[in-house]
Amino acid sequence: MIPEKVNHNPASPEQLTQLGFMIATQFVKNLKGKLTFDQAQTAITDKNLFDVGKIANYASTEVFKIPIDPWAQEKKDISLFYRTCFKDKRWKNPNFDKVAFPEIEGNCKRPDYFFNSMTPGDALDAYEAYFGKDSVWIGWEKELNSVIKKDSLPLRPTGDYIGLHVGGVGPDEDHLHESYLDFHEDPNFMNPIEGIIGAFRYRFQFNVMWDQDTTTLLHSSAFYFGEENGSIFMNGSQGLKFIMSYDLRGSRCESHGPRRIHFKSF
């Protein structure tokens with residue numbers, strides 16, 4: 001039973017420490033002699049199979065009726081990314097009070113925050129400023145925004161928004177070997193700005209570059225040698241250079257494919 005509230009003063013750090021120790025002690029007593037060595041080691045080392053945070057959240061929400069924000073850590077990570085990697089003040093403070101996180105669908109569990117007014121050029125400039133000169137290679141001479149065929153871009157929420165995606169180092173496995181023509185009628189695949197931000201934040205957070213051995217096809221067609229028959233892709237080189245270029249819309253390869261992304265209904 002939850003102790004009745006006498007006043008609304010927050011618990012002291014010492015109280016919380018003592019309470020946590022009491023709960024942990026009882027938890028250990030309950031498990032003693034019942035948990036195997038392998039089970040304990042897996043719980044300690046494999047966060048994907050055993051999520052300590054879920055247990056703590058359960059105790060907080062079910063026992064003490066304290067609401068827990070399941071996206072709290074992601075919000076911190078996203079905010080740190082923008083504060084660190086973007087010099088322009090317009091992009092330094094994601095406003096999570098004005099966006100909604102979608103429900104998790106399948107393997108799309110990694111969120112990214114997208115500023116509605118940010119262009120692919122803005123994001124690429126920040127990428128190169130953070131990772132160094134010549135860390136970006138663009139396969140055309142024109143500014144990226146002039147290459148993209150604007151009416152080919154899929155609809156997105158108005159204002160800033162959150163998108164959930166798989167977040168793997170390569171395109172989604174169930175969409176490999178697809179061409180742009182295979183998915184272009186489905187809006188729920190990454191467009192250029194989403195691809196750049198997704199790859200940028202992943203490298204910033206984990207020091208791992210997307211698509212060093214694969215290619216991500218993006219949801220946008222392009223003017224290819226003066227004709228509207230191209231599509232934009234991105235990949236990463238073994239030399240850690242972020243590459244954006246374009247190819248024919250019907251081109252396909254075993255290691256090429258798009259990345260699914262979804263949003264709160266709009």
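Q: Which residues is Asn 191 in contact with, leaving aside its neighbours within four places in sequence?
A: Asn 191 is in contact with Leu 153, Pro 154, Arg 156, Tyr 161, Leu 218 and His 219, once neighbours within four places in sequence are set aside, where contact means heavy atoms within 4.5 Å. This is a predicted model, in which local features need pLDDT of at least 70 and side-chain atom pairs count only at pLDDT 80 or more, whereas totals for chains, interfaces and linings use all residues. Residues are numbered from 1 along each chain as its sequence is written, and side-chain values use heavy atoms, with hydrogens and water left out.

Q: Why is Asn 191 called buried?
A: Buried means under 20% relative accessible area, exposed means over 50%, and partly exposed lies in between, with a 1.4 Å probe and protein chains only. Asn 191 has a relative accessible area of 6% and is therefore buried; Asn 191 lies in the loop between helix 7 (180–183) and helix 8, helices being DSSP runs of H or I with at least four residues and strands runs of E with at least two, numbered from the N terminus.

Q: What makes helix 5 and helix 8 roughly parallel to each other?
A: The axes of helix 5 (residues 120–131) and helix 8 (residues 192–206) come within 9 Å and cross at roughly 20°. Angles under 35 degrees count as roughly parallel, over 145 as roughly antiparallel, 65 to 115 as roughly perpendicular and the rest as oblique, so helix 5 and helix 8 are roughly parallel. Axes here are lines fitted to C-alpha atoms, for helices over the stretch in contact, and angles run from 0 to 180 degrees between N-to-C directions.

Q: Why is the aromatic pair of Tyr 82 and Phe 86 called tilted?
A: Rings of Phe, Tyr and Trp (its six-membered ring) pair if their centres lie within 6.5 Å, and planes under 30 degrees apart count as stacked, over 60 as edge-to-face and the rest as tilted. A search of the whole structure finds 25 aromatic pairs; in one of them, Tyr 82 and Phe 86 are 5.1 Å apart centre to centre with 40° between the planes, which is tilted. Tyr 82 counts as buried at 1% relative accessibility, and Phe 86 is buried at 2%.

Q: What makes the aromatic pair of Tyr 161 and Phe 263 edge-to-face?
A: The centres of Tyr 161 and Phe 263 are 5.4 Å apart and the planes are at 75°, so the pair is edge-to-face. The pair links distant parts of the chain, 102 residues apart. Tyr 161 is buried at 6% relative accessible area, and Phe 263 is buried at 11%.
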